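Subject: Structure for you to look through

Hello,

Please find the structure below. My notes on what was found in it follow.

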Amino acid sequence: FRMLRTALLLISVFAVGLSILCPNPDYSCPETSTCCLLADDVPPGEYGCCPMPLATCCEDHLHCCPSGQSCDVEQGTCTAANGAITKFASKFRARKTNDPNWEHHRERELITVSEEKEIRERIRARLNRDEKLIDVSGDIVCPDGKERCPALTTCCQLEGGQYGCCPAPNAVCCQDHMHCCPDGYRCDGSSERCKPASSRHHSIPWLRKFPTTKNIVKEALAGREAKSRSTDAEKLRRPVDCGMEMGCRVGHTCCQSSSDDDEISSVCCPMEDAVCCSGGCCKAGWSCSRDGFSCEKAALTEEQQYVRMLKKGWTHHEN
């Protein structure tokens, strides 16, 4: 079977002319270009083609620079060894090795900044018109209960059974398990775009999912009642001021608590910069559950996930 697959791949490469196979052999690029990995949380990954040989693949997974030059993603430029600066290039979609419609979308660029802005604006406008608004303050726990996505997104299943986050609420999950479309659109696999239900709108590029955040829930820590700091000696022992001459020791956070008879009192949470909940407190960076007695690790946004991937070294030059 492996020999047959290799033979078929070689035949398909010969049939389309001079081209190179990408590290994922399901994709190929023209001989004078470079395979660059696109932002994708589903191995072995989808590839795009940089329109120059031996190019440097930029960390944003959308652009590239000439061989030997470095990318400046923030400025959108390429920097050569001699200090010369040029604008970086956009990738076009790699050919699916056995795709007969290759010429239809060979030179089509990936989603552009203006297209992405248009998509976001349409989603926002739809939300403003829709009376059945989604909860914009809470994360969305995926059906498996193990993963979560931020508010105003949709959990969509990936090919391996896990989930990804579609950057649109009530989105339509495409059958390729990699892309999705906003509410009111449908996935069109032949054009790799989202087709609108209404003829008043144009089709838009597929949206790409981003990684979920592991769903972690812990019990909130209970605080102890704050004590007096009315004297100078007490103020030294309890430098964290809760007001009303009450305070906590160093390394604690002062939180307000209400009793059954609605009396407000101060309690000391045993950690610095804690998040105060109605039924306890949580570590900084966590959020309170709806009932106030549990702590939840908030889902990372698309931008935060991107930064996390860069820090973990998920992006490298792919030549």
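**Annotated spans**

An unreviewed UniProt entry carries the annotation "domain: Granulins" for residues 58–71 and 174–187. UniProt positions are given in the numbering used here, feature names are shortened, and such annotations may be inferred rather than shown by experiment. In residues 58–71 the end C-alpha atoms lie 6 Å apart, and the span is 0% helix and 36% strand. In residues 174–187 the end C-alpha atoms lie 6 Å apart, with 0% helix and 43% strand. Helices (H or I, at least four residues) and strands (E, at least two) are DSSP runs, numbered from the N terminus.

**How the model was treated**

This is a predicted model, where local features need pLDDT of at least 70, side-chain atom pairs count only at pLDDT 80 or more, and totals for chains, interfaces and linings use all residues. Residues are numbered from 1 along each chain as its sequence is written, and side-chain values use heavy atoms, with hydrogens and water left out.

**The chain as a whole**

The protein chain has 5 helices and 35 strands. Of its 319 residues, 39% are buried; buried means under 20% relative accessible area, exposed over 50%, and partly exposed in between (1.4 Å probe, protein chains only). Among contacts (heavy atoms within 4.5 Å) with a separation of 6 or more, 38% are between residues 24 or more positions apart.

**Thr56**

Thr56 belongs to strand β5 (residues 56–57). Is Thr56 buried or exposed? Thr56 is buried, because its relative accessible area is 9%. A polar atom of the Thr56 side chain lies 2.9 Å from the backbone oxygen of Gln69.

**Strands β3 and β4**

Strand β3 (residues 34–37) pairs with β4 in the antiparallel sense over 4 bridges; two strands pair if DSSP finds at least two bridges between them. Thr34 has Cys50 of β4 as its bridge partner. Strand β4 (residues 47–50) is covered on both faces, with Tyr47 and Cys49 buried on one side and Gly48 and Cys50 buried on the other.

Glu219 stands opposite Ser294 in β35.

Regards

Methods. Polar contact = N/O pair within 3.5 Å; in protein donor to acceptor, adjacent residues only side chain to side chain.
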